[in-house]
2 protein chains.
Amino acid sequence: MSQENLVSIPFVFEQPCPIRDVLDRIGDQWSLLILQVLEHGTMRFSEIERAITDISKQMLSKTLRRLEEDGFVRRTLYPEVPPRVEYELTDLGRSFLVPMKRLIAWANENHRAICEARGEYGVKNGGR
Amino acid sequence: MSQENLVSIPFVFEQPCPIRDVLDRIGDQWSLLILQVLEHGTMRFSEIERAITDISKQMLSKTLRRLEEDGFVRRTLYPEVPPRVEYELTDLGRSFLVPMKRLIAWANENHRAICEARGEYGVKNGGR
DNA sequence: GGTCAAGGTCTAGTTTGTAGACCTGATCAG
DNA sequence: CTGATCAGGTCTACAAACTAGACCTTGACC
């Protein structure tokens with residue numbers, strides 16, 4: 001119960017931790033996907049919606065607002081009727097894509113290995 | 001409703017999409033954090049638990065099992081009493097850390113910019 | 001007057017995550 | 001002989017997050 005337990009763990013995450021702060025926002029179902037879609041250029045709400053076929057309007061709206069809030073995305077509203085809203089990456093958003101694309105490349109390269117691992121796990125633990 | 005809508009969107013995500021398949025698993029609240037913690041070497045369940053102070057046992061257990069299933073992590077059970085279980089990264093897991101560490105570095109470098117963006121957003125939209 | 005935009009919001013219902021009690025079974029203190 | 005303790009979970013309530021789909025707005029068109 002005392003601090004002694006903690007001595008052996010030198011890397012407890014501090015609570016205002018930049019990594020966690022960023023990853024908690026980015027690391028959700030949709031953010032990475034939306035950023036990747038927006039790499040193709042300025043897009044309207046419904047275009048993004050159709051690009052990511054299985055996102056709900058609510059989550060798209062919410063996630064875009066968060067990405068805007070964090071400075072990854074710029075939202076431009078053209079007050080026409082029906083309204084037109086365009087989303088595009090900011091410089092920050094674009095710079096984020098650099099490390100992220102490496103991650104995506106890794107995902108592509110290692111997808112087979114992951115699928116195989118799943119298969120083996122299933123064989124070993126499937127009959128539990 | 002016909003295909004014509006889709007013509008203008010050349011990059012709809014296919015459903016068995018490697019990127020999505022990998023990111024959907026990795027991109028959750030905890031996976032990235034756990035992988036990063038395990039970079040420090042083999043660790044026991046409770047050590048990971050204490051490193052990530054605010055994860056629930058259930059989620060730790062569940063996430064570790066998924067990481068094991070996908071081949072990122074190896075689990076070794078020593079059938080003692082009380083039981084000892086050790087987790088360590090596999091080669092796949094370690095190779096994933098390469099692109100991931102770039103992402104973490106980006107997070108560290110740009111955390112300030114993100115916080116500033118949040119501040120500005122708050123000023124502009126806080127009094128809504 | 002009814003319908004159709006686009007970009008959302010609102011509501012109800014499902015899924016996912018949380019906190020914390022409980023389980024196991026050998027060991028040890030009283 | 002009781003019962004407390006250890007690690008690594010699981011189980012059970014409850015709370016938060018997500019989903020599908022109805023609805024809203026406001027001009028233009030039929």
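Colleague: At roughly what angle do the axes of helix H3 (residues 31-38) of chain B and H5(B) cross?

Modeller: In this predicted model, the two axes come within 10 Å of each other. Axes are lines fitted to C-alpha atoms, for helices over the stretch in contact, and angles run from 0 to 180 degrees between N-to-C directions. The axes of H3(B) and H5(B) cross at roughly 75 degrees.

Colleague: Are H3(B) and H5(B) roughly parallel or roughly perpendicular?

Modeller: Angles under 35 degrees count as roughly parallel, over 145 as roughly antiparallel, 65 to 115 as roughly perpendicular and the rest as oblique. The crossing is roughly 75 degrees, so H3(B) and H5(B) are roughly perpendicular.

Colleague: Which residues of H3(B) make the contact with H5(B)?

Modeller: Contact means heavy atoms within 4.5 Å. On H5(B), B:Leu60, B:Thr63, B:Leu64, B:Arg66 and B:Leu67 take part. Their partners on H3(B) are B:Ser31, B:Ile34 and B:Leu35.

Colleague: What pLDDT do side-chain atom pairs need to count?

Modeller: Residues are numbered from 1 along each chain as written, chains are lettered from A and ligands numbered from 1 in written order, and side-chain values use heavy atoms, without hydrogens and water. As the model is predicted, totals for chains, interfaces and linings use all residues, local features need pLDDT of at least 70, and side-chain atom pairs need pLDDT 80 or more.

Colleague: Which element gives the most to the surface near DNA strand D?

Modeller: Helices (H or I, at least four residues) and strands (E, at least two) are DSSP runs numbered from the N terminus. Among the elements with at least two residues there are helix H5 (57-69) of chain A and strand E3 (84-89) of chain B. With four residues, the biggest giver is H5(B).

Colleague: Which residue of E3(A) is the bridge partner of A:Met43?

Modeller: Chain A has an open, antiparallel sheet in the order E1-E3-E2. Strands pair if DSSP finds at least two bridges between them, and two bridges join E1(A) to E3(A). The partner of A:Met43 is A:Tyr87.
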